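Open your viewer and get ready to click around. We'll go from the whole chain down to single residues.

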Amino acid sequence: MQAPSQGPAGSQPPLGDAATQQLVEHLEQEQPADLVRDEPLLAGVWELRWSSSRQPWLREAPWLENLQVLDPNRGLGMNLLRLKGPLGSIAAISVVASLEVCPPQRVSVQFQRGGWIGPRLGGNRLELLAAVRQSFPAWLDITVLDQELRVCRGNAGTLFALVRRPDLCAADLLPA
């Protein structure tokens, strides 16, 4: 569900990532996803570990948690960027989207709102989210999916590798 990069610079792998891209392409051939069979595995919190994008918000960084929260049963997803460590709960930027699973491999994405998501105070979460106008169709083709790894290709050709974060709960992160 990562917002795709526009233009050729965003879809080309950075220098030095050719071996990683080859490994991912090998996995796609050896272990292709099938959302008819694997759809329940989509749900949860995933952390970006590698991306072919040059855009900084679509890349892994040592000081940043680049998370994707998926709840396909509710048709809901979210990209969440937050600082690692204790400041993460107060310095989080998110984009919330509706999702539609379209087997055998596609997840259609409609971005709805984005902004700041803060900590929970009492039973409520502080949020400053505004409507997002999506001017292009967006989707992810899920090409590898198991309990620990998800590989996907965005509609602009960007390749993403994410690992499951079993220590985080989707319900705790998704906005109200």
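Here is a tour of the protein, one selection at a time.

Before you click, note that this is a predicted model, in which local features need pLDDT of at least 70, side-chain atom pairs count only at pLDDT 80 or more, and totals for chains, interfaces and linings use all residues. Residues are numbered from 1 along each chain as its sequence is written, and side-chain values use heavy atoms, with hydrogens and water left out.

**Stop 1: the whole protein.** Show everything as a cartoon. Follow the chain along and the pattern reads α-α-α-β-β-β-β-β-β-β-β-β-α. The radius of gyration is 16 Å, close to the 16 Å that the globule rule gives for 176 residues, so the protein is as compact as a globular protein of that length. (That radius is taken over C-alpha atoms, and the rule is 2.2 Å times the number of residues to the power 0.38.) Along its principal axes, the C-alpha trace spans about 50 × 35 × 35 Å.

Now try a surface view. Buried residues make up 45% of the 176 residues, where buried means under 20% relative accessible area, exposed means over 50%, and partly exposed is in between (1.4 Å probe, protein chains only).

**Stop 2: Asp-17.** Select Asp-17, in the loop between α1 (8-11) and α2 (18-30). Is Asp-17 buried or exposed? At 13% relative accessibility, Asp-17 counts as buried. Leaving aside neighbours within four places in sequence, Asp-17 is in contact (heavy atoms within 4.5 Å) with Trp-50, Ser-51 and Arg-59.

**Stop 3: two prolines.** Jump to Pro-103 and Pro-104. The peptide bond from Pro-103 to Pro-104 is cis, with omega near 15 degrees. Most peptide bonds are trans. Pro-104 is in the loop between β4 (92-102) and β5 (106-121).

**Stop 4: the cysteines.** How many disulfides does a search of the whole structure find? The search finds 0 disulfides, a disulfide being a pair of cysteine sulfur atoms within 2.5 Å. Take Cys-102: the nearest cysteine sulfur, that of Cys-152, is 15 Å away. Cys-102 is partly exposed, at 26% relative accessibility. Finish by selecting Cys-169, which is also partly exposed, with a relative accessible area of 38%.

Key. Helices (H or I, at least four residues) and strands (E, at least two) are DSSP runs, numbered from the N terminus.
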